[in-house]
Amino acid sequence: MQKVASLPLPPQDAQEASNALAVCIGDAIDAGGGWIGFDRYMSMALYAPRLGYYSGGAAKFGRDARDGSDFITAPELTPFFARTLAREFAPLIVQQGLPAVMEFGAGTGRLAADLLLALESEGALPAQYAIVELSGELRERQRQTLADRAPHLADRVIWHDMLPERFEGVIVGNEVLDAMPVRLFAREGGRWHERGVKREGTAGFAYQDRVLADAEIPATIAAIPGDHDMVTETHAEAEGFIRAVGGLLTRGVAFFIDYGFPASEYYHPQRSGGTLMCHYRHHAHPDPFLYPGLQDITAHVNFTGVAEAAVEAGMQVAGFCSQARFLMNAGITELLMTLDPNDTRAFLPAANAVQKLLSEAEMGELFKVIALSRGFGTIGADDDLHPVLAGFQRGDRTHSL
């Protein structure tokens, strides 16, 4: 496969692993009669055993390409992210009696370690911290991070390789939903097509569209007004995951933090190119067929679909707002001011990192936080039955979903 301009070449062993995954994907295309849906391609590229991006050994998370990583997340950027979440979670653990925390998509384990340390300082340590993680490589990184950063708390952490049947407590997922496979759709000349994947040449792949009959068009897509040409996505897997969370959560609150929009913005006519994006060595680009298994493939989250799936599963939407508003409501600026501004070597890097979390030009507006609750009664009906979530006290946008 040709290298995209400005992107570095992978080392030989990584390229060989990518080539092996390409063979598997090619076999799946052949078995499908020469075509598979993009969701199948994305699932294999990210999660194929031992070869997929998240199931293989790539570094993934880090500060820049020099450490072999592809992108940075909020927990890696600054511990103030976890400390602020701890301020939101502590009353749920202490006042509401929620006994445990469960994290999806724990990455390097940095959020788990920093969150446990922050909850300890808040006097709100959970009895157990569960991590749902399919990747053995990431589990080992998480264990090492916990051993390095919070060794006295590591024995509180357990791992699941599948969803537990029941859970009571606080759930957190940072940048989890965007990595779930999506279906691609293209409207051309007023006709909807599903955009899938075919072979291209001897070892490459390319898009191929198939016309859909009216009965095959998902309701979300069929409802998009106009007849202009566009490409967009649907999120059946992420919405199914939210329903599964609703099925296991007996009592508690689930917080999901990710980039995305309500449906009215997601499917706006001006967003005609869709949201699919790839990340390789801290370069963002649009080619999902480059280096299969070595790059991240993501799509923005349709938070309306998330909210609807949650309600279908018996949960309530307890809050929805921008990441900036949530973090400020929960006290991130107060935490930052515990540092001495005169100590510029410590304060300035910390302030710059927090600014990146809050800035509209960075992560502050694009990233959203949604809270889904179960087992507390009707929100607003009785203040003693439902927890007050400080992160949504100002700037809540639940009405926009």
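At 2% relative accessibility, Tyr-291 counts as buried (under 20% relative accessible area with a 1.4 Å probe, protein chains only). Tyr-291 sits in the loop between β14 (283-285) and β15 (296-298). Its phi is near 45°, a positive value in a residue other than glycine. Most residues other than glycine have a negative phi.

This is a predicted model, where local features need pLDDT of at least 70 and side-chain atom pairs count only at pLDDT 80 or more. Residues are numbered from 1 along each chain, and side-chain values use heavy atoms.

Glu-175 also has a positive phi, about 55°. Glu-175 lies in the loop between β7 (167-174) and β8 (183-188). Glu-175 is buried, at 16% relative accessible area. Strands here are DSSP runs of E, at least two residues, and helices are runs of H or I, at least four.

## Helix α4

The 16 residues of α4 should span 22 Å at 1.5 Å a residue, and the end C-alpha atoms are 22 Å apart, which agrees. The expected span is 1.5 Å times one less than the number of residues.

Among the buried residues of α4 are Phe-80, Leu-85 and Phe-89.

## Nonpolar cores

A nonpolar core joins buried Ala, Val, Leu, Ile, Met, Phe, Trp, Tyr and Cys residues through side-chain atoms within 4.5 Å. The largest has 57 residues; Leu-85 and Phe-89 are among those touching the most other members. Helix α4 (residues 79-94) gives the most to this core, with nine residues. A second, separate core of 35 residues includes Ala-28 and Tyr-54.

Technical notes: Buried means under 20% relative accessible area, exposed over 50%, partly exposed in between (1.4 Å probe, protein chains only).
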